[in-house]
Amino acid sequence: MAKEGISTQYDIKDINLAPQGKQRIEWADREMPVLRLIRERFEAEKPLAGVKIAACAHITTETANLARTIQAGGAEALLIASNPLSTQDDVAASLVADWGIPVMAIKGESTETYMRHVRAALESNPDIIIDDGSDVVATMLKEKKELADSIIGTTEETTTGIVRLKAMEKAGVMSFPAIAVNDAQTKHFFDNRYGTGQSTLDGIIRATNILLAGKNFVVVGYGWCGKGVAMRARGMGANVIVTEIDPIRAIEAVMDGFRVMPMNEAAKIGDFFVTVTGNRHVIDKEHFEIMKDGAIVANSGHFDLELNLEALREMSSEVATRRPFVEEYIGTNNKSVIVLGEGRLINLAAAEGHPASVMDMSFANQALSVEYLVKNKGKLDNTVHVLPKEVDQEIASLKLRAIGINIDTLTPEMIEYMASWETGT
Ligand code: ADE
């Protein structure tokens, strides 16, 4: 039976897709040993008993395994999509049919439906919000302020969401603690770099099936995600160009061996462009105007505002769909720009998001952050927190053990040396 407030309703594409979803969820689980260990402990200890959780996430096989973990801990969970294009409909069906977890998410849903699901999540009166991009938390502050004063707290998956949470903290509107999951090293070192690196190229290749070798591949932004995309594009034989606004990151890109130049130069020579900045209109009208005919543009940042598609639409006489997730914007001068995945996260729109092995650590952090919020209910400041360093190290140790890799430990002599100052030249 459902507890008061949690909806037993669901809004998914087709419940009959459940068998395929279950098979894929179980396949992903094989690559998620750390999360599985947490799930087994949660099953025994029930640390989340009676806690209502609204989780806004990309509805993928990996998220399904996080949901199973939270459920094993005794929580009652409701899932909604964190992006209109990222839902795997078979996974949504399986969560409902096989695990009895309500899901409100349909791949390709309109912005109105997306927001209806966000509001339904808030109407369930959760104790904890798991957020991915901070849309649920921001909507709560705007439309359901009373919940903000009574929830235990929230966890946030992304760089973008943490920027928003810190803006809320600065504006003095945060009346609950938040855990910045993305700031754990076992999250952003791996998920943002290796996850985004592989899945972004996977999305571009699945959408276009175009050879990358020998092409000019422009990576816009050299944060952890940009580093991953640049590294993997180079691995496919592309000539990688990086654009940046941060001088330190720009030097890093130079010393990593990439060409670095302003966007108005890169725009003229790029064959592929990928935005990963978290900022708005980083590819703008003036850049589209000087691109080569047939340049391919994609975004792998959280929101779909990195490309100024409104300007591109105004410059175009026709928009033609060439393949799924591939739209050609044909200009009045007969020159075209090709946009992938409507400018939404290409790795989740045209591929399956980050592979399970990196999401294992990201979602171990999510599960442990939820447990941390419950254990420390009423004790944390209403600010943005990071999980204790020992939790990060424990997740890394479990991952190493799971993949069969041993490392050294400090000897007593080393420990003594590191704590001393007397010994020098
Ligand atoms: N974000 C990026 N990849 C993801 C995945 N596979 N599942 C959930 N969230 C993601």
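A: Buried means under 20% relative accessible area, exposed over 50%, and partly exposed in between, with a 1.4 Å probe and protein chains only. Helices (H or I, at least four residues) and strands (E, at least two) are DSSP runs, numbered from the N terminus. The model is a predicted one: local features need pLDDT of at least 70, side-chain atom pairs count only at pLDDT 80 or more, and totals for chains, interfaces and linings use all residues. Residues are numbered from 1 along each chain as its sequence is written, and side-chain values use heavy atoms, with hydrogens and water left out.

Q: Which residues of α6 are buried?

A: They are Asp 135, Val 136, Val 137, Ala 138, Thr 139, Met 140 and Leu 141. Helix α6 (residues 135-143) is largely enclosed by the rest of the structure, because seven of its nine residues are buried.

Q: What is the order of the strands in the open sheet?

A: Two strands pair if DSSP finds at least two bridges between them. The open sheet has eight strands in the order β9-β8-β7-β10-β11-β14-β13-β12, and the pairing is mixed. Its edge strands, β9 (259-260) and β12 (316-323), each pair on one side only. Helix α10 (residues 224-235) packs on this sheet and touches β7 (216-220), β8 (239-243) and β10 (272-275), contact meaning heavy atoms within 4.5 Å. The direction of α10 makes about 170° with that of β7; axes are lines fitted to C-alpha atoms, for helices over the stretch in contact, and angles run from 0 to 180 degrees between N-to-C directions.

Q: How many bridges join β7 to β10?

A: Four bridges join these parallel strands, and Phe 217 stands opposite Phe 272 in β10. Strand β10 also pairs with β11 (residues 295-299) in the parallel sense, over four bridges; here Phe 273 faces Val 297. Both faces of β10 are covered: Phe 272 and Val 274 on one side, and Phe 273 and Thr 275 on the other, are all buried. By contrast, β13 (residues 326-331) and β14 (residues 336-340) run antiparallel and are joined by five bridges.

Q: Which residues line the largest cavity?

A: On a 1 Å grid over the protein atoms alone, a cavity is a set of points where a 1.4 Å probe fits but cannot get out, and lining residues have an atom within 4 Å of a point. The lining consists of Cys 56, Ala 57, Leu 66, Ile 130, Asp 131, Asp 132, Glu 157, Phe 363 and Gln 366. At least two lining residues come from each of β1 (52-57), β4 (128-131) and α16 (356-375).

Technical notes
1 Å grid on protein atoms, 1.4 Å probe; cavity = no way out; pocket = protein on both sides within 12 Å on 5 of 7 lines; lining within 4 Å.
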